[in-house]
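Please look over the sequence and the model first. A short report follows the display.

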There are 2 protein chains.
Amino acid sequence: MSDKLTQLKEVLAEVADLQSAASVLGWDQQTYMPAGGSAARGQQLATVTKIAHQKATSQDVGALLNDLRTQYAGADPGTDDAALVRVASRDYDKAVRVPPDFVAEHAVVTTKAFEAWAEARSKADFAIFRPHLERVVELTKRYVSFFPPADHPYDILLDDYEPGMKTAEVQAIFRMLRPRQVELVKLIASRPPLNDKFLRRKYAEEKIWAFSGEVTRLFGYDWSRGRMDRAPHPFETSFSVNDVRITNRFEPEGPLLTLFSAMHEAGHAMYEQGVNAAFERTALAHGTSLAIHESQSRMWENIVGRSLAFWEYLYPRLKKTFGSQLDGIGLKAFHRAINKVQPSLIRVNADEATYNLHIMLRLELEIGMVEGAIAIRDLPEIWNTKMEEYLGVKPPNDAQGVLQDIHWSYGSIGYFSTYALGNLISAQLWEKINKDIGDLESQLRAGKFESLLDWLRKNIHRHGRKYDSQDLIQRLTGSKITPEPYIRYLSQKYSEIYGL
Amino acid sequence: MSDKLTQLKEVLAEVADLQSAASVLGWDQQTYMPAGGSAARGQQLATVTKIAHQKATSQDVGALLNDLRTQYAGADPGTDDAALVRVASRDYDKAVRVPPDFVAEHAVVTTKAFEAWAEARSKADFAIFRPHLERVVELTKRYVSFFPPADHPYDILLDDYEPGMKTAEVQAIFRMLRPRQVELVKLIASRPPLNDKFLRRKYAEEKIWAFSGEVTRLFGYDWSRGRMDRAPHPFETSFSVNDVRITNRFEPEGPLLTLFSAMHEAGHAMYEQGVNAAFERTALAHGTSLAIHESQSRMWENIVGRSLAFWEYLYPRLKKTFGSQLDGIGLKAFHRAINKVQPSLIRVNADEATYNLHIMLRLELEIGMVEGAIAIRDLPEIWNTKMEEYLGVKPPNDAQGVLQDIHWSYGSIGYFSTYALGNLISAQLWEKINKDIGDLESQLRAGKFESLLDWLRKNIHRHGRKYDSQDLIQRLTGSKITPEPYIRYLSQKYSEIYGL
């Protein structure tokens with residue numbers, strides 16, 4: 001290893017340690033921190049992330065990367081070291097473009113915008129949030145201006161969550177997907193509704209919590225390198241490849257959601273636990289993009305976790321735990337219930353058939369805001385119109401409409417489409433995995449997940465950030481991200497469930 | 001406020017944030033971290049503490065302090081700003097004396113020494129630990145050599161835990177204390193032993209845990225700015241004045257120890273919660289010394305928590321929670337049992353009458369090691385001889401003798417005497433508090449602690465590190481730390497309990 005590379009790795013290791021420390025502070029903030037600790041925690045997080053940013057953007061790092069880029073210019077781009085230089089350079093080039101003053105201003109604006117959003121949502125009054133969102137969008141445009149012109153200004157934003165992905169690519173994918181998915185939803189809506197009332201009976205919190213933990217263990221989430229704690233929202237966070245935690249919650253009005261959230265977060269966590277340990281504390285550590293991450297979580301939650309094959313294994317065990325709640329409910333009825341399609345107002349509660357439509361709507365609005373084609377004051381109306389067009393439902397107020405998501409309040413514009421891309425990728429990978437593992441379905445039926453997890457580890461997890469998402473999917477499936485497999489997956493699944 | 005002072009405060013605030021971040025990492029390590037996270041956590045802690053140290057010892061800080069010392073040379077030393085300059089200067093002067101290479105070597109040596117100690121203790125074989133302790137003592141002497149000569153080399157070590165305290169002062173105090181305490185223990189040993197078997201009955205863990213939490217709340221520990229978690233050892237840790245946490249454990253063979261540990265740690269925590277909020281993120285934040293800290297924990301645990309007055313209030317409540325376990329046991333019998341004196345081998349289990357004797361033995365050995373008067377190979381024998389002399393018990397092996405404490409393995413030489421000084425200070429303060437609050441005992445009898453906590457807040461807690469321990473005690477009681485009040489306290493307490 002070159003001396004310069006060793007030096008770079010030493011600095012980046014410290015940056016990674018500081019980022020991990022910040023992640024621990026953030027995890028504690030969401031799980032155990034007493035209410036009083038909030039203000040000091042904000043200061044601690046600001047200091048730790050500021051120092052991490054200073055170190056990551058120092059002139060020393062810039063000079064090392066300059067030399068290393070020259071040195072690795074002719075090297076095999078497939079080696080880990082070449083990938084490290086490439087990814088670290090990209091991180092550096094992006095980070096140095098954003099002036100510290102802007103970062104500070106952004107923090108102030110979004111802190112206020114978050115408070116205004118929370119108030120606006122609780123009062124279902126968009127007017128409260130509107131001036132703040134206008135400033136957020138202004139800042140977003142300013143952020144875009146720090147970078148060289150792209151094909152589309154939104155490319156700059158997308159790139160933060162999905163490196164290398166272009167707006168035009170996502171739009172092309174969604175253009176193919178939307179009519180097919182709208183059509184499917186309409187077809188399902190013409191069938192008699194399914195009964196899922198028994199899913200909302202009273203299930204004991206401690207039992208469903210323990211059951212959920214056991215299912216993640218069965219999948220292959222390594223509890224000697226992880227844990228599950230209570231938090232207001234389920235999430236996954238990683239402090240090293242050997243300390244990858246998930247959080248979860250219990251909602252009495254939807255008690256089994258705890259189980260599906262656990263599967264989802266364990267999907268993220270197994271990805272992080274599977275990254276090559278040699279990448280620890282380098283720019284190649286962690287998952288490569290939000291869409292690939294989401295493909296893992298959605299695969300375990302939906303393709304595996306809501307499949308009939310797996311529930312042939314799991315349902316007798318669930319019935320043993322909750323005999324009376326599921327009395328008289330057969331496997332098929334249960335499986336149909338957990339896959340019920342119901343166009344609804346709220347994205348986070350959406351089923352697999354409707355979820356992507358919520359995302360497409362958001363992407364269109366975000367692009368419109370960034371282009372300036374959509375004025376912020378018109379957002380609620382446009383939102384409601386599109387909801388009716390795509391999903392056939394109309395929000396009774398803005399709390400259940402344009403105000404429902406937190407993302408814009410903290411300046412996160414460019415994020416949403418990765419959720420839908422993750423869904424598509426999960427199905428695209430699933431077709432390939434089924435070619436490679438012939439008896440996968442019978443393995444699910446037996447509660448066996450070693451082959452599946454091995455495949456994911458070998459083909460996706462271990463690579464960390466070595467390959468960008470499109471390259472990775474191309475390598476594995478022979479084509480870039482495409483909606484066809486997901487449409488096939490949905491069509492087949494709902495044909496069986498709804499007898500289409 | 002001068003510009004230079006503002007600048008200094010800005011840097012120290014970042015140092016404080018990093019130290020708090022390290023404390024969160026440490027707390028998590030002891031409470032929730034999965035086993036796999038250990039190695040990465042070590043790296044994260046090393047990086048965060050290294051950067052904190054670099055910032056705290058930077059030339060900029062040195063120059064600012066130089067200027068500020070000149071500026072505040074003639075100022076009223078009683079102002080907060082003057083105290084800040086004084087304490088920050090002392091911290092800086094100590095920190096810059098220790099070369100980073102030494103810190104790194106010390107970390108390596110003590111990591112190995114800790115492992116060897118754990119193995120040696122589990123095998124009751126001092127020979128395994130001996131070469132490591134020899135290196136630790138060598139390093140300790142080297143550490144002393146970085147500082148200007150003191151009256152005694154041990155002064156340098158003591159000063160890290162008890163700023164300003166001299167070895168000769170501690171020796172003088174202990175010389176007065178030891179014969180009186182040995183005499184008392186002998187007198188008690190001549191009395192018939194007390195029955196405390198019912199303390200080791202089966203008490204439900206969750207109930208004693210909840211009861212312990214309630215008692216800390218009753219004392220005044222603010223749970224909106226704190227919490228109690230399970231850890232291998234009870235401790236208190238503070239991330240800000242508004243986030244001060246304690247840990248606790250449950251041991252089936254001594255179930256009520258959880259209650260007394262909670263009182264002890266809450267005593268530490270109330271101190272930290274009471275520091276002037278204006279001192280946050282400055283050198284004046286946190287408690288002023290380990291002895292003052294221990295005076296708070298021991299006061300709440302022992303003087304309050306094992307008093308007959310308080311148990312008049314608490315015992316009916318404990319009996320309501322644990323009716324069958326305490327069946328037929330009256331208040332007096334219970335009170336005698338929780339105050340039973342029994343010379344024993346292990347410091348952490350020692351009662352109030354014997355505890356300080358364990359400490360004196362350790363201080364004598366530490367001074368001997370640092371002076372070179374005691375060879376490490378002779379430690380076990382000297383230990384055993386002194387145990388017989390002071391306590392009348394002889395360790396059957398080194399695990400229950402010289403190997404019992406963790407401190408030396410991580411290089412903590414100079415720490416022990418603060419435990420005993422804390423006991424003495426608690427009684428010295430208690431006499432003063434009883435003069436100021438005439439009806440304190442009847443307040444305890446009614447479970448009222450507002451006046452007591454107010455007194456401690458006003459006279460001790462809020463000052464943070466503004467006054468060193470001897471100055472603080474002198475200001476409050478009219479004399480420096482003295483053993484007389486503690487001897488009076490013990491004599492009176494045990495006269496009543498043992499009918500001496």
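The report below covers sheets, helices and a few single residues.

## Ground rules

This is a predicted model, in which local features need pLDDT of at least 70, side-chain atom pairs count only at pLDDT 80 or more, and totals for chains, interfaces and linings use all residues. Residues are numbered from 1 along each chain as its sequence is written, chains are lettered from A and ligands numbered from 1 in the order in which they are written, and side-chain values use heavy atoms, with hydrogens and water left out.

Helices (H or I, at least four residues) and strands (E, at least two) are DSSP runs, numbered from the N terminus. Two strands pair if DSSP finds at least two bridges between them. Contact means heavy atoms within 4.5 Å. Axes are lines fitted to C-alpha atoms, for helices over the stretch in contact, and angles run from 0 to 180 degrees between N-to-C directions.

## The sheet of chain B

Chain B holds an open sheet of 3 strands. The strand order is β1-β3-β2, and the pairing is mixed. At the edges are β1 (228-230) and β2 (236-240) of chain B, each pairing on one side only. Neighbouring strands are turned by 30° against each other on average, direction ignored. Between β1(B) and β3 (residues 243-248) of chain B there are 3 bridges, and these two strands run parallel. Arg230(B) has Asn248(B) in β3(B) as its bridge partner.

Helices cover this sheet too. Helix α1 (residues 3-31) of chain B packs on the sheet and touches β1, β2 and β3 of chain B. The direction of α1(B) makes about 140° with that of β2(B). Helix α9 (residues 205-219) of chain B lies across β1 and β3 of chain B. The angle of α9(B) to β1(B) is about 150°.

## The sheet of chain A

Chain A has an open sheet of 3 strands in the order β1-β3-β2, with mixed pairing.

β2(A) and β3 (residues 243-248) of chain A run antiparallel, joined by 4 bridges. Thr237(A) stands opposite Arg245(A) in β3(A). Helix α10 (residues 257-273) of chain A lies across β1, β2 and β3 of chain A. Its angle to β3(A) is about 165°.

## Where helices of the two chains meet

Two packed helices are described by the angle between their axes and the distance between the axes. The axes of helix α1 (residues 3-31) of chain A and helix α2 (residues 38-56) of chain B come within 9 Å and cross at roughly 100°. That makes α1(A) roughly perpendicular to α2(B); angles under 35 degrees count as roughly parallel, over 145 as roughly antiparallel, 65 to 115 as roughly perpendicular and the rest as oblique.

From α1(A), the residues in this contact include Glu14(A), Asp17(A) and Leu18(A). Among those they meet in α2(B) are Arg41(B), Gln43(B) and Ile51(B). The contact residues divide into 5 nonpolar, 4 polar and 4 charged. Here Ala, Val, Leu, Ile, Met, Phe, Trp, Tyr, Cys and Pro count as nonpolar, Asp, Glu, Lys and Arg as charged, and the others, Gly among them, as polar.

## A covered helix

Helix α14 (residues 355-371) of chain B has 17 residues. From first C-alpha to last, α14(B) reaches 25 Å, close to the 24 Å expected at 1.5 Å a residue. The expected span is 1.5 Å times one less than the number of residues.

Is α14(B) mostly covered or mostly exposed? Mostly covered: 15 of its 17 residues are buried. Buried means under 20% relative accessible area, exposed over 50%, partly exposed in between (1.4 Å probe, protein chains only). Gly372(B) follows α14(B), with a positive phi near 90°.

## Single residues

His335(A) lies in helix α13 (residues 331-337) of chain A. His335(A) is buried, at 8% relative accessible area. Beyond its neighbours within four places in sequence, His335(A) is in contact with Arg306(A), Ser307(A), Leu308(A) and Ile497(A).

Most residues other than glycine have a negative phi. His286(A) has a positive phi, near 75°. His286(A) is partly exposed, at 36% relative accessibility. Arg281(B) also has a positive phi, near 60°. Arg281(B) sits in the loop between α10 (257-273) and α11 (290-304) of chain B.
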